[in-house]
Structure formats: structure tokens, C-alpha cells
Amino acid sequence: SLAFILLNSVYSLVMGFDMERYISYMAVSDFSVADATVGNMSVDFDSVVLDGVTEEFEEALNERKGIEDIGNIYIKNDNIMLNETDFSRINERIFENPDFRSLIEMRIGNAGSMEQYIKQMQDGRWMDGKIYGISEMAAREIEPLEDAEEKDIWEKFRTGKYVLVNGCSPTGEGEMIHFFEPGEKITLYDAKGKEKEYEVLALAELPTACQLQTYGMVECNILLPEDEFLGLFGKCRPMRKIFNVKPEYEKETETWISDYCENVEPNLKYNSRAQIEKEFESTKNMYIMVGGLLSLILALIGILNFINTMITSILSRKQEFAMMEAVGMTGKQLRRMLCFEGAYYAALAGGVSLIMGCVTSATAVRAIGEAYFFFKWKLTVLPIGLCIPVLLFVVLSVPAVYYGKMCTNSIVERMRRPE
């Protein structure tokens, strides 16, 4: 039963891994290119190149066949300076919120450092976060965090009069706290310190695959359309370039970009859907291999234990069976009796496995799986159902075979007690 339960748990976990969820979280396009330091956890933060997509690469990409969509993601990774009105909202909603204060204290480590951190922001009127400039291709992948009046926000967003702002939950779940409410005005400062006012169009989060994977204590991210970002902060190179290709050109493009990033501009690194699929399959196969091996070992132990139990039972009842035969019971009837006993054990083991398999899947497997963003729980007992016929074959064949072997001796020899 333990082997069946473990096998069913591994199967439930692995079958809950959703490739589409994994890919949609890790990628918003067929290909993505950025400097090799972006997303590299071994590189010092100050050494990360945030404008590493070169003109040479853009020119080479534009010459390729089969390119369908191209998009850019720019970033200003600096403290977001706010005027007095905007910061007063942040102060009220975030820094005076007990839940957020507890979150900051937990991340910093002590109350004294938390108070110092908050005071620095209050004195300087700044906020942890980033300002992104995004093209239409990236904007199309954004889903508002809460119901918006308009589902397609690009047409208004592209005018340059609006910004998108994320929200934050201090507990990671439950009610979302808004840094700024839709319809409120927010003032940003350009490269020369001049103010420009925008209206918050909606609460939205840039997909993880498009973000810079570093975060402040409480992260307030503001999104601008590409042209407005460049007009506000001056001309710069993209942090990341994303693009799609026609299906028939995917392999050709993969070969080209791999060679380009290795031999032409080794400072660039690319990601593709094909790479992400391989990564997903590798993770999935690891669980299958480890879980399957453990299940196999436990199954072998269980089968050997059952065989040993049945053989011991038959040997200990050898005289009893011989006596039954002596008074008229046939060997066929004895075999049937032993098969019924084996079937009883199989039914008991199968019933326990089915019940405990469901309970384990709905509790332990579900709890473990929810730690993975790409997991979608489904109740299944298919592995147990497939293993029960194998179990029945073992429990029916082993007693019959061993009893037949024992019957090679005469009834008189079997009735003798060992000295």
C-alpha cells in the first residue's frame, strides 16, 4: 500500500505540472534577448547592464526572415522621487499600515532598521521601485490586477498621458493595497528634474518574464509607453528585446540567435520557448525518476514481503492441507481457498491504497504543489487502478504455484511432522 500511495502521489504531483502555465510565466514571446548580466544572480547588482541590447543586434534581427513582432522593454532602476502630495498618499497607505510595517521589519530584521529605512524615504520623498518603458507588444501581455473599465488599455495608454501602477499585498495574498488609485494624478521627474503629471489608468503588473528580477522592500513599479519613457528620460538602449517568429522559422531562428550570442556578441544572452520547454521537462523528469525509483523499491519490498508471508503461511499449514486432502478435499479446492485468501489481501491493500491515495493527494500533494506557480491540482488514482491488476496477478499466482510445488510430495510425507 505504501508503494502505491507514493506512486500515486508522485503521479498526481507530476501530472499537476502545467507546461502552459510555466511557459506563460517564464516567457511572453518566442525569444527574448538581454545583456548576460540581467537575471544573473552571481553578478553584483551595480554591475548589471540595463541597456545592453545593442544597435548591431537590432540591425541583424531586422534582417532575419520570419520575424512577426518585435518589442522593447526599458528601465530606470532608481528610487522613484515623488512630490509632497504623491508621497503623502504612499505614507498613509504603506508606511502607516501596520501590515506593511511588519513586512518591512521582517525583511530588514529588526524594528530599529525598519524605522531608519522608512525615515530615509520620508525625508527624501522617494519610494523603492522601478519605472519601465514598454512597447505595444509587451503592453498587450499585461492584465489589469483588478477589473478595469476597459480591457484593452493600450489605445489610451499609448497617448503618453497615462501610467500603469502595480499594487502590493503585505501578506502575499488577500486584499491588494494600492500605491495609487486609478484616476489619481502622479508626478514624475525627467532627466533634468522637470515635473510632468500623468493619470493612473489602471492597476497592472508587468509580466515576470519582462521584469528585472531584483526587488526592494516594498516595490512600486510604474509603467510608461516606450515613446513617453524615452522622451522623459532621454534616448537609451533597451534592457530587453522580445520578438515572435513564424512557426516554420523557429528552429532556424534558434540556431541563428544561439550562434550570434555565442560568437558575435557573447555579452548577450537569449531565452526561447524551446529552452523553457526543455527546462520544464527536465524538472518534471527529475520528479518522475526520483519518485518512480522510490516507488519501485517500496513495491519490490512489498511484493517480496507478501511472497514470504504466503510461503510461510503455506509451509506452516502443510499438515493441515494434507489432512484436508486425506479426508476428500481436492487440490483444486485448496488452490481456490489460497487464491481467495490472496485476493482478500489484495482487496484490503487496494482499498487502503485508494482511500489513503485520495487523502494524500488532496492534502500533502496539494500543499507541496501549491509552492509551484505552474501547478494545477487534479485528483487522480489512476496509478493505483493500474497497479491493482498486477497485485492480483501476484497474490493469485504465488500461492497456487508454491502449493503446486509442495504437492510433488505425497500426502503421507506432508502429514509427517518434522523431527
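Colleague: What should I know before reading the values?

Modeller: This is a predicted model, so local features need pLDDT of at least 70, side-chain atom pairs count only at pLDDT 80 or more, and totals for chains, interfaces and linings use all residues. Residues are numbered from 1 along each chain as its sequence is written, and side-chain values use heavy atoms, with hydrogens and water left out.

Colleague: How many strands form the sheet, and in which order?

Modeller: Start with the terms. Helices (H or I, at least four residues) and strands (E, at least two) are DSSP runs, numbered from the N terminus. Two strands pair if DSSP finds at least two bridges between them. Here nine strands form an open sheet with mixed pairing. The order is E9-E10-E6-E11-E5-E2-E12-E1-E13. Strand E9 (185–189) and strand E13 (268–272) are the edge strands, and each pairs on one side only.

Colleague: By what angle are neighbouring strands turned against each other?

Modeller: Axes are lines fitted to C-alpha atoms, for helices over the stretch in contact; angles run from 0 to 180 degrees between N-to-C directions. For neighbouring strands of this sheet, the average turn is 30°, with direction ignored.

Colleague: Which pairings show the mix?

Modeller: Strand E1 (residues 31–35) runs antiparallel to strand E12 (residues 240–245), with four bridges between them. Ala34 has Arg240 in E12 as its bridge partner. Strand E6 (residues 162–165) and strand E10 (residues 195–203) run parallel, also joined by four bridges. There, Val163 stands opposite Val200 in E10. E9 and E10 pair in the antiparallel sense over five bridges, and Thr187 stands opposite Glu197 in E10.

Colleague: Which residue takes a positive phi in the hairpin of E9 and E10?

Modeller: Gly193, with phi near 90°. That hairpin has five residues between the strands.

Colleague: Where do side chains point in a regular strand?

Modeller: They alternate between the two faces of the sheet.

Colleague: Which strands does helix H10 touch?

Modeller: Contact means heavy atoms within 4.5 Å. Helix H10 (residues 250–264) packs on the sheet and touches E1, E12 and E13. Its direction makes about 160° with that of E13.

Colleague: At what angle do helices H5 and H6 pack?

Modeller: Helix H5 (residues 98–108) and helix H6 (residues 111–124) pack at about 115°, with axes 8 Å apart. That makes H5 roughly perpendicular to H6. The classes are as follows: under 35 degrees is roughly parallel, over 145 roughly antiparallel, 65 to 115 roughly perpendicular, and the rest oblique.

Colleague: Which residues meet in that contact?

Modeller: From H5, Arg101, Ile104, Glu105 and Ile108. From H6, Ala111, Ser113, Met114, Glu115, Tyr117 and Ile118. By class, the contact of H5 with H6 has six nonpolar, one polar and three charged residues. Ala, Val, Leu, Ile, Met, Phe, Trp, Tyr, Cys and Pro count as nonpolar; Asp, Glu, Lys and Arg as charged; the others, Gly among them, as polar.

Colleague: Where does Asp128 lie?

Modeller: In the loop between E4 and strand E5 (129–134). Asp128 is buried, at 12% relative accessibility. Beyond residues up to four places away in sequence, Asp128 touches several residues, including Asn79, Tyr117 and Gly216.

Colleague: How far apart are Gly129 and Gly216 in space?

Modeller: 6.6 Å, C-alpha to C-alpha, though they are 87 residues apart in sequence. Gly129 is in strand E5 and is buried at 9%.

Colleague: How many residues of helix H9 are buried?

Modeller: Six of the eight in helix H9 (residues 226–233), so H9 is largely enclosed by the rest of the structure. They are Glu226, Glu228, Phe229, Leu230, Leu232 and Phe233. Their cover includes strand E2 (67–76), E5, E9, E10 and strand E11 (220–225). Just after H9, Gly234 takes a positive phi of about 90°.

Note on methods
Buried means under 20% relative accessible area, exposed over 50%, partly exposed in between (1.4 Å probe, protein chains only).
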